[in-house]
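I opened this notebook to record what I looked up in one chain. The entries run from the whole fold to a single element.

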Amino acid sequence: MNPAIVPLFQPFALRSLALANRIVMAPMTRGFSPNGVPGEDVAAYYLRRADCGLIITEGVGVDHPAALGGSGVDGDNAPHMYGKAALEGWRRVVDAVHAAGGVIMPQLWHQGVMREMGTGPNPDVESVRPSGIWGPLDRTAMVSPAYLESVAQKPGRAMTDEEVVDVIEGFARSARWAMEVGFDGIAIHGAHGYMVDDFLWAGTNRRTDRWGGDHRGRTAFAAELVRAVRREIGAEPVINFRFSQWKQQDVRARLAETPQQLEEVLGPIADAGVDIFDGSQRYFDKPEFEGSPLNLAGWAKKLTGKASQTVGGVGLNSGVYDSRATGGSAATMENVEKVAARLERGEFDLVGVGRAIMHDPRWVRRVREGEDLLPFDESSRLVLT
Ligand SMILES: Cc1cc2nc3c(=O)[nH]c(=O)nc-3n(C[C@H](O)[C@H](O)[C@H](O)COP(=O)(O)O)c2cc1C
């Protein structure tokens with residue numbers, strides 16, 4: 001094996017989690033689960049990737065009527081984690097991955113302010129927004145002009161206290177059901193401008209009650225949610241929490257301008273029971289704060305003492321939004337070696353890989369065997385191969 005990539009193929013153990021290598025299939029919404037139910041094709045898709053140390057599934061709607069919408073935010077035919085048919089579908093997925101020696105967690109998801117009213121499994125249900133707003137409308141957003149017009153500009157109302165608690169309970173129930181069908185832990189989508197992030201970010205949370213306030217005050221929802229999930233699943237299973245500075249509402253948004261602010265955000269969430277922080281960046285090699293080369297996952301680990309996971313452009317030379325603009329991306333082995341070197345130095349513990357693994361189920365094997373990596377083609381978003 002190329003010595004530069006050896007760190008990626010070291011095992012990793014934490015609580016009940018035992019991974020054969022450090023490569024994590026990053027969560028990617030695919031939209032191949034009609035009526036929210038993952039079928040045999042979804043099971044086969046994840047099975048083909050079982051040699052990743054860990055698979056984190058696509059975002060899966062939690063048990064709340066406004067969790068998922070449709071078209072505008074990639075939610076069409078997204079799966080959910082409630083109801084007999086969907087849970088049976090997930091059991092087939094989990095059994096297939098386990099039979100091949102793989103490890104898999106679902107990414108529990110609530111779209112929050114991003115959900116388009118009138119779409120998704122419950123089109124008549126009102127969307128829920130912490131402060132009624134979608135976010136500032138004058139930023140560089142990663143949504144279409146039509147979506148901006150139909151979703152973002154429509155004012156809503158702030159959630160009541162009871163509605164906030166309902167969403168938290170929906171996450172907790174879905175987490176319990178996920179563990180019952182055999183998943184190996186729980187990943188929580190706390191990033192990219194969706195529900196959990198809507199509470200974390202000042203651009204969407206203007207509340208002055210127990211769910212709002214300063215950096216620390218805005219973490220109350222995420223912390224309570226993690227506590228509720230932990231209560232349901234017990235002490236052993238691992239909780240992975242994804243967060244990001246950027247939002248779809250504002251690519252340049254920042255939850256934290258300084259390490260101290262980031263500590264205020266992540267500290268209470270860590271104390272609530274997170275084991276792994278997944279710091280979502282578009283380019284893993286971008287330093288997060290001036291004066292240090294550490295990336296977002298590096299800072300999360302340093303500030304909380306928890307394990308962390310990086311992501312962003314591994315194996316490709318353009319990031320997730322840049323490759324959309326050009327129709328694809330060339331492959332590169334160079335940054336795979338770079339991310340492995342940083343892993344070895346202990347900056348983070350796990351390495352998320354998104355598009356490269358979506359496009360090529362043989363990606364892990366190619367890296368291990370030193371085979372040429374395939375360029376990424378955006379058309380692979382449309383198929384489940
Ligand atoms: C088609 C597609 C769907 C995605 N869906 C999700 C999702 O459901 N949840 C999430 O947290 N991130 C999602 N992402 C972001 C990826 O998890 C990952 O962070 C991003 O693609 C950067 O990694 P990469 O450069 O290796 O692709 C998605 C990305 C793509 C390309």
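The entries below concern a predicted model.

Entry 1, overall fold. I counted the secondary structure of the chain and found twelve helices and twelve strands. I then looked up the extent of the chain: its C-alpha atoms fill a box of roughly 55 × 50 × 45 Å along the principal axes. For 385 residues a compact globule would have a radius of gyration near 21 Å, and the 19 Å of the chain agrees with this.

Of the contacts between residues at least 6 apart in sequence, 74% join residues at least 24 apart. The accessible surface comes to about 14500 Å², and carbon and sulfur atoms hold 50% of it.

I recorded 42 positive and 50 negative side chains, with the centres of the two sets 1 Å apart.

I asked how α8, residues 296-304, sits in the structure: seven of its nine residues are buried, so the helix is largely enclosed by the rest of the structure. I listed the buried residues as Leu296, Ala297, Gly298, Trp299, Ala300, Leu303 and Thr304. Their cover includes the strands β7 (238-244), β8 (276-280) and β9 (307-310), together with the helix α7 (259-272).

At the start of the helix I found a side-chain oxygen of asparagine 295 within 3.1 Å of the backbone nitrogen of alanine 297. Just after the helix, glycine 305 has a positive phi of about 75 degrees.

Note on methods: Residues numbered from 1 in each chain as written. Predicted model: local features only at pLDDT ≥ 70, side-chain atom pairs only at ≥ 80, totals over all residues. Heavy atoms only, no water. Buried < 20%, exposed > 50% of the residue type's maximum accessible area, 1.4 Å probe, protein only. Helix = DSSP H or I, 4+ residues; strand = E, 2+ residues; numbered from the N terminus. Contact = heavy atoms within 4.5 Å. Polar contact = N/O pair within 3.5 Å; in protein donor to acceptor, adjacent residues only side chain to side chain. Rg over C-alpha atoms; globule rule 2.2 N^0.38 Å. Areas by Shrake-Rupley, 256 points an atom, 1.4 Å probe, with all protein chains shown as cover. Lys, Arg positive; Asp, Glu negative; His and termini not counted. Charge placed at Lys NZ, Arg CZ, Asp CG, Glu CD.
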